[in-house]
Every structure is written in structure tokens, then in C-alpha cells.
Amino acid sequence: MNDSSTTTRNKHLVLDGFTRFAAGDIDVLRTLLHEDFVEHSPGNPSGRDAFVAYIAEAPVARARLDLKRVIADDDHVVMHYLMTTDDDPRGVAVVDIWRLAGGQIVEHWDVVQPVPEAAQAPHGMF
């Protein structure tokens, strides 16, 4: 069973950070991520400073992020969203999993899938 105050606090912290990041505030990551942040996605660096530098140059920093749902349970927050760019208007479906400790994000996993033609996903991706 989870502690609902921890769950609520973590959900709001990540949701606020996502909203600010989606509006172009990359520096919000410097306060959200723990210094020893661990990244589990292949090719993405761990450590707050290395990760922020990497993300600042990644397509996500210039993309439109359309949040579809947020699920929180104790120290984990899961976000499901559509990421689009001018070059890729169909975009990709993204699921981010964040683990928090002491009010900061300490670990991250993600799953990214290109959104197919509508005929290939008749029930939609979201």
C-alpha cells in the first residue's frame, strides 16, 4: 500500500516539471534531477549535468509534448504522451517512468514507439 501524500507530492512535482519543460524550460531539469541521477535508456547518459546537456540537444527539447495520462504510485510516476515535431507531425508515443527520492528524480526509464498510420492502429495509440 502506498503513502498517498508521497504519491500526490511526487505526481505534482513531476507534472509541474513536465509542464515547464514542455513550455521550453530545460533548466527545470536541474532542480528536478538528483545529482547522481541514473538513466536506464540506451545511449542516454546518467548524471544530472550530462543528462541535461544531452536533452538540451535532443529532439524532445524542441518538440510539442501532448500529455495523455499520469499514473503515480508512491515513489514512481509514469507519464504517457505524444511527442511531435514539424518534421514528424504523426510523432512518437512515449512512456516515461520516473523514480523519486527526497523530492528529486533519481531514476528514469522510457519506452518510445513511432505512431503508425491510422489504419495500422485502428484503436489509436492513446
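Predicted model: local features only at pLDDT ≥ 70, side-chain atom pairs only at ≥ 80, totals over all residues.

**Strand 3 and its sheet**

Modeller: I'd start with strand 3: 7 of its 10 residues are buried, so the rest of the structure largely encloses strand 3. Buried here means under 20% relative accessible area, exposed means over 50%, and partly exposed is in between, with a 1.4 Å probe and protein chains only. Helices (H or I, at least four residues) and strands (E, at least two) are DSSP runs, numbered from the N terminus.

Colleague: OK. What's the strand order in the sheet?

Modeller: The order is 1-5-4-3-2, in an open sheet of 5 strands with mixed pairing. Strand 1 and strand 2 are the edge strands, each pairing on one side only. On average, neighbouring strands of this sheet are turned by 25° against each other, ignoring direction. For angles, axes are lines fitted to C-alpha atoms, for helices over the stretch in contact, and the values run from 0 to 180 degrees between N-to-C directions.

Colleague: Which strands does helix 1 touch?

Modeller: Helix 1 packs on the sheet and touches strand 2, strand 3, strand 4 and strand 5, with its direction at about 170° to that of strand 2. Contact means heavy atoms within 4.5 Å. Helix 3 lies across strand 1 and strand 5, at about 70° to strand 1.

Colleague: Back to strand 3. How many bridges join it to strand 4?

Modeller: There are 9 bridges between strand 3 and strand 4, and the two run antiparallel. Two strands count as paired if DSSP finds at least two bridges between them. Going along that pair, His-76 is opposite Arg-99, Met-79 is opposite Asp-96, and Thr-85 has Asp-88 as its bridge partner. The hairpin joining strand 3 to strand 4 goes through 2 residues.

Colleague: And on the strand 2 side?

Modeller: Strand 2 (residues 64–73) also pairs with strand 3 in the antiparallel sense, over 9 bridges. Arg-69 of that pair stands opposite His-80 in strand 3.

Colleague: Which turn residue has a positive phi in the hairpin of strand 4 and strand 5?

Modeller: That one is Gly-102, with a phi of about 60°, and the hairpin has 2 residues between strand 4 and strand 5. The two strands run antiparallel and are joined by 10 bridges. Val-95 stands opposite Val-111 there, and Ala-101 has Gln-104 as its bridge partner.

Colleague: So where does the parallel pairing come in?

Modeller: Between strand 1 (residues 33–39) and strand 5 (residues 104–114), over 3 bridges. Glu-39 has His-108 in strand 5 as its bridge partner.

Colleague: Switching topic: how much space lies in the largest pocket?

Modeller: About 470 Å³. The search uses a 1 Å grid over the protein atoms alone, and a pocket is an open set of points where a 1.4 Å probe fits, with protein on both sides within 12 Å along at least five of seven lines; lining residues have an atom within 4 Å of a point. Grid points are joined across faces, edges and corners, and the volume is the space filled by probe spheres set on the points.

Colleague: What lines the largest pocket?

Modeller: The lining has 24 residues, and Ile-55, Val-60, Tyr-81, Asp-96 and Asp-110 lie nearest the centre. Helix 1, helix 2, helix 3, strand 3, strand 4 and strand 5 each supply at least two residues of the lining.

How values were computed: Residues numbered from 1 in each chain as written. Heavy atoms only, no water.
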